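Colleague: I would like to learn how to read this model feature by feature. Could you take me through it slowly, giving the general idea and then the case at hand?

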Amino acid sequence: MRILHLSDTHLEHSDAPNRHGVNATDSLRLMIAELGHLRDVDAIVVTGDLANDGAVEAYTALRELVGEFARGLDAPVFYTTGNHDERGAFGKVLGSGHPAPEAVLESEASERAAVSTVRGWRFVTLDSLVPGKVYGHVSAGQLDWLRGALSAAAERGTVLAFHHPPISLDISATQPFFGLRNPDELAEAVRGSDVRVILTGHYHLQLSGFLEAVPVWVTPGVVNRIDLTTPPGTERAVRGASASLVELGGADGPMFHTFHARDPRAHETVYELEEEQVRAFVEREA
Ligand SMILES: [Fe+2]
């Protein structure tokens, strides 16, 4: 099983530069162009922050750009929400996030969670969006639904995908607060199941770890990358889209490989936050 994993496209309502001067649509186009020679991809997973401000136009543009690429590979695309997404607009364009789901979560809050199977591998997407918040949480209702979805093993195993990582890196002050807030509850729901990998985004940098025995992958962002070489407590974002190829099922798997777009302006600073600004952001959003 080979999965192309994209995240954090942050498309705007129009094809115009964002407030930092980055054209998110161009960033995605450059990423897709770099992946043009890729073959044998079984599925594409896009783990949230699809739209920067939840605009229907952004989801439509994303569906067209990624959809066209996916058709060339004959691979289904699975989308999840992120903190920047808006469930109503997401649903209007992308439905459950799956092209032909076998099961969909029905919740009063219109959470977007669904199940599909590709070549014996079960793909489950969850909705870790908490409206108005940067951090993520998987609701009790979703965890119950997940337990049901995982109650019988799939033929090959399960891929679980959602936006907020259940792991954090204690380098930038912003991150430990802003991942998934209830990783222990998720771990309890996944314990003993056939989940072989958890795919996430949100941090805009590549990172791997474990939720108990399950490998967790954080793919870097498409819109920009967070540079961790800056002084502790500060934050710097740089230009340059990235994506991942995830290989499952082999003796050494899961394996994660990262691609970088050929952006002539890669590594240029997008924004920089001083320690004081990061502190203020944490106080406001935590
Ligand atoms: Fe995010």
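**Reading the model**

Modeller: Leu169 is partly exposed, because 15 other C-beta atoms lie within 10 Å; on this scale a residue is buried if 20 or more other C-beta atoms lie within 10 Å of its own, exposed if 12 or fewer, and partly exposed in between, with C-beta atoms placed from the backbone. Residues are numbered from 1 along each chain as its sequence is written. Please keep in mind that this is a predicted model, in which local features need pLDDT of at least 70 and side-chain atom pairs count only at pLDDT 80 or more, while totals for chains, interfaces and linings use all residues.

Colleague: Where does Leu169 lie?

Modeller: Leu169 is placed in the loop between S7 and helix H5 (175-178), where helices (H or I, at least four residues) and strands (E, at least two) are DSSP runs numbered from the N terminus. The C-alpha atoms of Leu169 and Ser208 are separated by 9.9 Å, and these two residues are 39 residues apart along the chain.

Colleague: How should I read a pair of packed helices, and what is the angle between helix H1 and helix H2?

Modeller: Two packed helices are described by the angle between their axes and the distance between the axes. Here helix H1 (residues 24-34) packs with helix H2 (residues 56-73) at an angle of about 5°, their axes being 11 Å apart; axes are lines fitted to C-alpha atoms, for helices over the stretch in contact, and angles run from 0 to 180 degrees between N-to-C directions. H1 is therefore roughly parallel to H2, given that angles under 35 degrees count as roughly parallel, over 145 as roughly antiparallel, 65 to 115 as roughly perpendicular and the rest as oblique.

Colleague: Which residues make the contact between H1 and H2?

Modeller: On the H1 side they are Thr25, Leu28, Arg29 and Ile32, and on the H2 side Ala61, Leu65 and Phe69, two residues being in contact if their C-beta atoms, placed from the backbone, lie within 7 Å. By class, the contact of H1 with H2 has five nonpolar, one polar and one charged residues; Ala, Val, Leu, Ile, Met, Phe, Trp, Tyr, Cys and Pro count as nonpolar, Asp, Glu, Lys and Arg as charged, and the others, Gly among them, as polar.

Colleague: At what angle do the axes of H4 and H6 cross?

Modeller: The axes of helix H4 (residues 140-149) and helix H6 (residues 183-190) cross at roughly 20° and come within 9 Å, so H4 and H6 are roughly parallel to each other. In H4, Leu143, Leu146 and Arg147 meet Glu185, Leu186 and Ala189 of H6, and the residues of this contact divide into four nonpolar, no polar and two charged.

Colleague: How are strands to be read, and what is the order of the strands in the open sheet of three?

Modeller: Strands of a sheet pair through backbone hydrogen bonds, either parallel or antiparallel. The open sheet of three strands has the order S11-S12-S15, with antiparallel pairing, and two strands pair if DSSP finds at least two bridges between them. Strand S11 (225-227) and strand S15 (269-273) are the edge strands, each pairing on one side only, and neighbouring strands of this sheet are turned by 25° against each other on average, direction ignored.

Colleague: Which bridge partners can I look up along S12?

Modeller: Strand S12 (residues 235-238) is joined to S15 by four bridges, among which Val238 has Thr269 as its partner, and Glu235 stands opposite Leu273 in S15. S11 and S12 pair over three bridges, and Ile226 stands opposite Ala237 of S12.

Colleague: In which sense do S6 and S7 pair, parallel or antiparallel?

Modeller: Strand S6 (residues 121-125) and S7 pair in the parallel sense over five bridges, and Thr125 stands opposite Ala161 in S7. Strand S7 (residues 157-161) has four of its five residues buried, so S7 is largely enclosed by the rest of the structure.

Colleague: Finally, what is the phi of His10, and what is that of His204?

Modeller: His10 has a phi near 50°, a positive value in a residue other than glycine, and His204, which is not a glycine, has a positive phi of about 65°. His10 lies in the loop between strand S1 (2-6) and H1 and counts as buried, with 24 C-beta neighbours inside 10 Å. His204 lies in the loop between strand S8 (195-200) and strand S9 (207-211).
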